[in-house]
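Please look over the sequence and the fold below before reading on. The paragraphs that follow go through a helix, some loops, a pocket and a cavity in turn.

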Amino acid sequence: MQALFEGHRLTPTQRRIAHCMVRRAADAPFLSSVELAELAGVSQPSVTRFAVALGFDGYPALRKHLRDVAPAEPEADEGSYNEYQQAVQSEIDNLRHLAALLADPAPVVRAGRLLADSRPLLVLGLRAASAQARGFTYFARKVHPDVRLLDEGGTMLADRVDAAKRAGATALLCFALPRHPREVVEGLEYAQEAGLTVVAVADSAFAPIARHSDLLLPAAVGTGLAFDTACAPMLLGRVLLEAMCDALPDAQARLEEFDAKASERGLFVE
């Protein structure tokens, strides 16, 4: 589905529809145009124009295509799963999809180099994405000489972008998860205007932050529980850490130095 959408130039409204369909991939082939319009927060004619923009005669033709190319149902009887098991199965599917995307490692390798070369490196994550940004920053600081976490929005965000740019920053890594805060979009726009290259981890290639990202790496979130689950974005963050380490010539030495000091201080309980 994502590959189908990426081959076309879409308007902001159409990208919103595409983002909604990617997030609801399991349901999308069975939604009516009215239902999809309501979920995406657009008009029903916008859904029809979206289908035509993709090269179909109308939305029914698009829906038929999605049904025809939908993957086969798993052999296990999902109807026997309770809601908690279904949430776990959904995350397993998200991880499988991420593994398929990583079959081409070039985007991650490029991102790793961009992050390694930026001194300082900015890491942005607000609200639901703050945990992802904090986790990445915690580990990145063990191998990167200067990593700065941006977990506050408002006017302070622009101030800290300016300060990092003056210090020599060239890249910003953003974790963006639903629901997407307006201040993240505005912050990335400001960062790009300041000359920073934006690498983003988002729940789909059509997330609201896409137009303000120079390199976007998608990792789907689970939506089966009251609050979204983000196993795939977390794992993708660790993959980016690995790629950054590969691009830092002294990464291994820094890790060994940290381990030696941790042992001297008795930092961890064995």
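The lining of the largest cavity divides into three nonpolar residues, no polar ones and two charged ones, where Ala, Val, Leu, Ile, Met, Phe, Trp, Tyr, Cys and Pro count as nonpolar, Asp, Glu, Lys and Arg as charged, and the others, Gly among them, as polar. This is a predicted model, in which local features need pLDDT of at least 70 and side-chain atom pairs count only at pLDDT 80 or more, while totals for chains, interfaces and linings use all residues. Residues are numbered from 1 along each chain as its sequence is written, and side-chain values use heavy atoms, with hydrogens and water left out.

The residues that line this largest cavity are V22, R23, D203, A220 and V221. On a 1 Å grid over the protein atoms alone, a cavity is a set of points where a 1.4 Å probe fits but cannot get out, whereas a pocket is an open set with protein on both sides within 12 Å along at least five of seven lines, and lining residues have an atom within 4 Å of a point. Grid points are joined across faces, edges and corners, and a volume is the space filled by probe spheres set on the points. The structure holds one cavity of 30 Å³ or more, and the space in the largest cavity is about 30 Å³.

Two or more lining residues come from each of α2, α3 and α10 (182-193), where helices (H or I, at least four residues) and strands (E, at least two) are DSSP runs numbered from the N terminus. The element that gives the most to this lining is α2, with six residues. By class, the lining of the second largest pocket holds 16 nonpolar, seven polar and nine charged residues.

One of the residues in helix α2 is Q14. Q14 counts as buried because its relative accessibility is 11%, where buried means under 20% relative accessible area, exposed over 50%, and partly exposed in between (1.4 Å probe, protein chains only). Not counting residues up to four places away in sequence, Q14 touches R9, R49, F50 and A53, with contact meaning heavy atoms within 4.5 Å.

Which residues of helix α5 (residues 59-69) are buried? They are Y59, L62 and L66, and seen down the axis of α5 they fall within an arc of 60°, so they line one face of the helix; the arc is that of the directions from the helix axis to the C-beta atoms. An α-helix has 3.6 residues a turn, so residues three or four places apart point the same way. The face of α5 turned away from its buried side carries the exposed residues P60, K64 and D68, while the cover over the buried residues includes α1 (2-6), α2, α3 and α4 (44-53).

Two loop residues can be set side by side. F30 is found in the loop between α2 (12-23) and α3 (33-40), and F30 counts as exposed because its relative accessibility is 55%. Leaving aside its neighbours within four places in sequence, F30 is in contact with E35, R63 and R67; F30 and R63 are 33 residues apart in sequence, and 7.1 Å separate their C-alpha atoms in space. S213, in the loop between β4 (197-202) and β5 (215-218), is buried, with a relative accessible area of 15%. A polar atom of the side chain of S213 lies 2.9 Å from the backbone oxygen of I209.

The backbone also deserves a look. Most residues other than glycine have a negative phi, and most peptide bonds are trans. A cis peptide bond, however, joins R119 and P120, with omega about 5°, and the peptide bond from P178 to R179 is cis as well, with omega near -10°. R127, in the loop between β1 and α8 (130-140), has a phi near 55°, a positive value in a residue other than glycine.

Technical notes
Polar contact = N/O pair within 3.5 Å; in protein donor to acceptor, adjacent residues only side chain to side chain.
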